[in-house]
Amino acid sequence: MRLLTHNYLQSTVKGTEKGYPLKIEATTIEYEESPFDAEFVRSLIPKIDYSTVLIGIQQISDKLEESNNIQGITIPDLPESIENEDLQEDLLKKLHTVLFDIHVVEGDLVCPDTGRRFNIKKGIPNMILHADEI
Amino acid sequence: MEHHSEISHNRYNVLIEFAHIHLEFQRPELESVLSLHDIAIGRDCIEVPLPSSIPTVENYRPFLILSFDYHYAKEKFNLDDDGYVIQSDMSRFSKIDRTKPTIASVLSRCTLIRSAIELWGAGPSFDSCVEHARQLSSGCAGRITLENCMKLSSSWKITIHTLGTKFNREEQNDMRMKFAFFNLPGKVQMVNPTNEFLLIREVELDPKGTPLSQERDNFLSPPLAVYYGRVLGGIRDWRGNGRLDQFSLKKRSYLGPTSMDAELSLIMTNLGLVRNGSFCFDPFVGTGSILLTCGLRGGYCVGTDIDIRVLRGRSDEENVLSNFKQFRLNRPDLIRSDNALYHRHYRMNKPIYDVIVTDPPYGIRAGARKSGTKEEKIRAIPEDRRHDHIAQTKVYPVSDVMGDLLDVSARTLVMGGRLVYIIPSMRDFDVEKDLPNHECLEIAHVCYQPLQTELGRRVVVMKKVKEYDPSLRESYLSSVWINGPESAEKCANIRERLLEAAKLKPGYEEKAAYRKKRRQITREEKKKQRAKHV
């Protein structure tokens, strides 16, 4: 699961007030570099919630520090906001790394409201709701 | 009655030869690929009627002539390099060339095009074609074309393409000699010349693509049309073994019973306008065959499915991800979710997808499921068992599959973005009234592919033309089927109807018994295999 995907996932289990963004509790993280396409990253900016990206990256960093398992992953520094930021290639590259190259392979996504856990296994989050949650 | 050529030598003319397959897809695919380069037939080029020695030809003709204003063509395309150098890498998984592409590199992305030639002469008969070619340099475009050829060509050959009719060597040479007046420099070279000319003798084809019998009373029937021109792209047949895509796709490691055949998924991604940097989504991703093609065309891929077994594949070496890895593509993001509840799983503040391309489940090869239980009373799952509990699913009627697909597409596609899907159709299917609708989506193409006598499938291409209003969701969903449940039934009950149709055919009982026996044998084999590995 990439952070780009995490940006859209939510929990709407019956009775949940605010199930977004989901908290990332990662047990295994992988880094895989991918070719950078400035135009594509630029086109994504209006489509994502930037604050969720920052929160997600924070949760993953915490996990990386805690497990002493840096694995050569350097999480780039991102600005607090990109609203009035000049979208230079440097910033786009950092955003690219954060959105595309970091993969949560094992772990859970946890609802900030109810604590309901959505498991991530082999990189695939399981969002299926039970019959009584719909 | 001869149809005189309106093919002007003041314009740059290209003759396209199609393969005789997927007939209904050919023009839509061509139009889609041209639109990737912002070229529209009618606006940026015109389609010229084919010359014809017969006034009305009923059967399909696998040719099409596009005529460009010369200055437009010169601006838009790299005309100089096209076909003068044998191109071994056709860049079929086209990233759009930001510099000027050759016409061949644009057109070769079409799976259904065999070749394209720079048209030097055409006519309803051999002599009229020669005559037309003689006038090439009288037009401004033709003159430059000829001058270019004089400069760049150092060796050449003329290939004769006669669609089934056989001519002996002497006859072939006679035909070639008729074009000797061009006086091209350099020598004739059969292997790897710098350019190749094609002399095409078109004849009428029957519906299967076989040339109609040409001999009557020992006389050879006259051709339907004759064309002469220079092969673009340096290769005579783009669909031959030189093509990488289809054949490698067939070798992918993870295939399932519902995997899309490679050629159709290539066509679908063309119809969807998938290009480098397209955000692509397949809500019923299954084994990922369509998504893989999106990846091959440079798209960023996301796939969802309700069936975890299909997403995970058979093993670590045989799954959707391993297919992508095999082709050295970035991994797609896969999510286990229910498309019927898309709005519940995904926050949709802004439309995000450029293309949604999918083969929805119809119950023919894979039954459709959605979240929920068929039981009357819904029981809460005890807290301690929640984590491992496998959520139940229930049958997902085809009418809802399609309604949800259109609604999700309308909501999540960017304006102008495309939805491409397959729908099985029996013959009694009214394209006007039986296809699902959505106020925000407009039908761009519908292409029929016959599979059996009774059954075929249609590939439908829709474009988002109107912004989605979430408050109108109920109203959108209730207007999906113009003819109401009747139309949905036509797709929904195809399995039963197929079965009924099959039962009426002779030999059905024996075939069914045979298939049952084979399934038993396969099951026993698998049991033995598993016992060995334990």
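My entries follow, starting with the ground rules.

**Ground rules.** I'm looking at a predicted model, so I kept to its limits: local features need pLDDT of at least 70, side-chain atom pairs count only at pLDDT 80 or more, and totals for chains, interfaces and linings use all residues. Residues are numbered from 1 along each chain as its sequence is written, chains are lettered from A and ligands numbered from 1 in the order written, and side-chain values use heavy atoms, with hydrogens and water left out.

I looked up who touches whom: 41 residues of chain B are in contact with 41 residues of chain A (contact means heavy atoms within 4.5 Å). The two chains bury about 3,600 Å² between them, 55% of it on carbon and sulfur atoms; buried area is the accessible area (1.4 Å probe) that two parts lose on being put together, summed over both. In chain B, R331(B), R344(B) and R347(B) lose the most area to chain A, together 22% of what that side buries.

I found five salt bridges across the interface, taking a salt bridge as a side-chain nitrogen of Lys or Arg within 4 Å of a carboxyl oxygen of Asp or Glu. One joins R347(B) to D49(A), with the closest N and O atoms 3.6 Å apart.

Which elements of chain B supply at least two residues each to the side that touches chain A? I noted α10 (308-312), β13 (333-336) and α12 (342-345), and β13(B) gives the most, with four residues. Helices (H or I, at least four residues) and strands (E, at least two) are DSSP runs, numbered from the N terminus.

**Aromatic pairs.** I got 23 aromatic pairs over all chains. Rings of Phe, Tyr and Trp (its six-membered ring) pair if their centres lie within 6.5 Å; planes under 30 degrees apart count as stacked, over 60 as edge-to-face and the rest as tilted.

Y12(B) and Y70(B) are a tilted pair, 6.3 Å centre to centre with 55° between the planes. Y12(B) sits in strand β1 and Y70(B) in helix α2, 58 residues apart. Both Y12(B) and Y70(B) are buried (under 20% relative accessible area, 1.4 Å probe, protein chains only).

F179(B) and Y228(B) are stacked, at 3.9 Å and 5°. F179(B) is in the loop between α6 and β6 and Y228(B) in strand β10, so the pair ties together parts 49 residues apart in sequence.

**Last entry.** Ring pairs link F40(A), F100(A), F279(B), F281(B), Y300(B), Y342(B), Y346(B) and Y353(B) into a cluster.

Note on methods: Buried < 20%, exposed > 50% of the residue type's maximum accessible area, 1.4 Å probe, protein only.
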